[in-house]
Structures are given as C-alpha cells and as structure tokens.
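Work through the exercises below with the sequence and the structure at hand. Each task is followed by a solution in steps.

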Amino acid sequence: GAQEDALKSYLSALGYDLYKIYRDEGKSAKDLQHRPEMQKLLSDAQNKLFSAIFIYKLDRFSRSLKDLILTIEKLKEWDVDFISLQDKIETASASGKLMFHIISAFAEFERNIIGERTSFGMERKSREGEAISKPPFGYKMIEKKLIIDENEASQVRDIFNEFLTAEISLNKLAKKHNLTVNGLKKILANRSYLGDVKFAGKTHKGIHEPLLKEELFSQVQEKLRK
C-alpha cells in the first residue's frame, strides 16, 4: 500500500536497492516471538543478507521499547542499519546514531532498574535468612541452607582462639592455616559465624546455626581494632 510505496521511494532516494519485503499480516506488533516474518527478517539480518532495515513506523515493528532496543542493539552488532521513516530514527547517519545512543541509554537505565528490583528481591530473601552466594569457610551449602562443615568449623574455632590467646602475628597465623593475611582477616571479621547474613551492606539475622560464641567473636573484634 501507500506505506510500502513511501518506503520504496525513501530507500531508493538514499541509494539502497530493495532486497525483500517482510510482512506479518494481521499479527500484533506486541510479541516478536510469534511473528514468523519478523523472525525471518532478524535471522536474515544476522546472516548479513542486506545492509539496512527500513520500517514505516516503530510501533509496526515492536510495541515493547525493551524488545525494540534489544533488537536494534543486535542489528548494531551485525552492522545492519535501522531506519524508521515516520519516527525519523535511523542508525545510518551521525545524528541518527546519536538518537540511537539516547534510546540505548534509556535501555541501559531500564536494565539497571530491573537489576535493582532483582537485588531488592534478593535482599528480602536474605532478610528471611537465606544465605546468598558461596558459603563462608566453615559452612557448606545444602539446598540453599548453610550447614556447619565440622572439619572446617574446628579450623575456624582454632583460628579465633589462637588469634585471641597466642602471641602470634597475623602473618604467621595466616601461614599456619594456608591463608593469605587478607583471607585471615576476612575470616576473623565474618559475622556469618554468629548466624548473621550480610547482603547489600546490611546485616540480617540468618537461619543458619552459629559457629562461634558471641563473646569470643567480640573479643576478637576488639583485638583486631587494637
């Protein structure tokens, strides 16, 4: 129709030859997955069968800003230009590239917001005492719960007791237990041994069994400070 004619004259005015017209008849622009022609267009783009995609209007291409941006980013990777006639968006010229970078920046912003939501979800989990990431020395992770590992745990208790009572330098103590001084300090300051879980800079009560007595831990912190 008229849109097609407008596109044809636009692309020939810009010096492109027409390779193929892709249309998804009667399909909603909402969902990229269920549009066979759209899928074909993208796989042909990836295979470098043409150098640019011309569309009449962005909302014919995708209703979801996120899909649109991710798609345009892919096209950029594949060196395929993207030109929308009505929206005056294209990635072929300098000003078009700038416009595209602005759209990409919004995409990045949206991804970060999604990331923050995820970390907020993880923080809630950790408040409920679920330990995050890899278990501290002295524990093993079984079905997402921290369980005391007796062999390692007795070594942790030794480290705490020796640090407190023996006149031994951090350096020697670290060597004795095959640790770096940094690794040793991390163990000596780790509140996980009191049953706490640290996440996003905040400490929450965990549901795992403490490995050390509060008093020993506090005395060690006191000595560390000195």
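## Exercise 1: a serine in a loop

Ser192 has a relative accessibility of 14%, so it counts as buried. The model used here is a predicted one. Task: find where Ser192 is placed and which residues it is in contact with, leaving aside neighbours within four places in sequence.

Step 1. Ser192 is in the loop that runs between helix H8 (181–188) and strand E6 (196–199).

Step 2. With neighbours within four places in sequence left aside, Ser192 is in contact with Pro136, Tyr139 and His208.

Step 3. One of these contacts, Tyr139, belongs to an aromatic cluster together with Phe160, Tyr193 and Phe217.

## Exercise 2: rings around Phe50

Task: describe the aromatic pairs that Phe50 forms with Tyr19 and with Tyr22.

Step 1. The count of aromatic pairs comes to 7. In one of them, Tyr19 and Phe50 are 5.8 Å apart centre to centre, with 50 degrees between the planes, and the pair is tilted.

Step 2. Tyr19 is in the loop between helix H1 (2–13) and helix H2 (36–46), while Phe50 is in the loop between H2 and strand E1 (52–55), so the pair ties together parts 31 residues apart in sequence.

Step 3. Phe50 is buried, its relative accessible area being 13%. The ring centres of Tyr22 and Phe50 are 6.1 Å apart and the planes stand at 70 degrees, so this pair is edge-to-face. Tyr22, in the loop between H1 and H2, and Phe50, in the loop between H2 and E1, are 28 residues apart.

Step 4. Which of the two tyrosines is buried, and which is partly exposed? Tyr22 counts as buried at 18% relative accessibility, whereas Tyr19 counts as partly exposed at 46%. The cut-off for buried is under 20%.

Methods. Residues numbered from 1 in each chain as written. Predicted model: local features only at pLDDT ≥ 70, side-chain atom pairs only at ≥ 80, totals over all residues. Heavy atoms only, no water. Helix = DSSP H or I, 4+ residues; strand = E, 2+ residues; numbered from the N terminus. Buried < 20%, exposed > 50% of the residue type's maximum accessible area, 1.4 Å probe, protein only. Contact = heavy atoms within 4.5 Å. Phe/Tyr/Trp six-rings, centres within 6.5 Å; stacked < 30°, edge-to-face > 60°.
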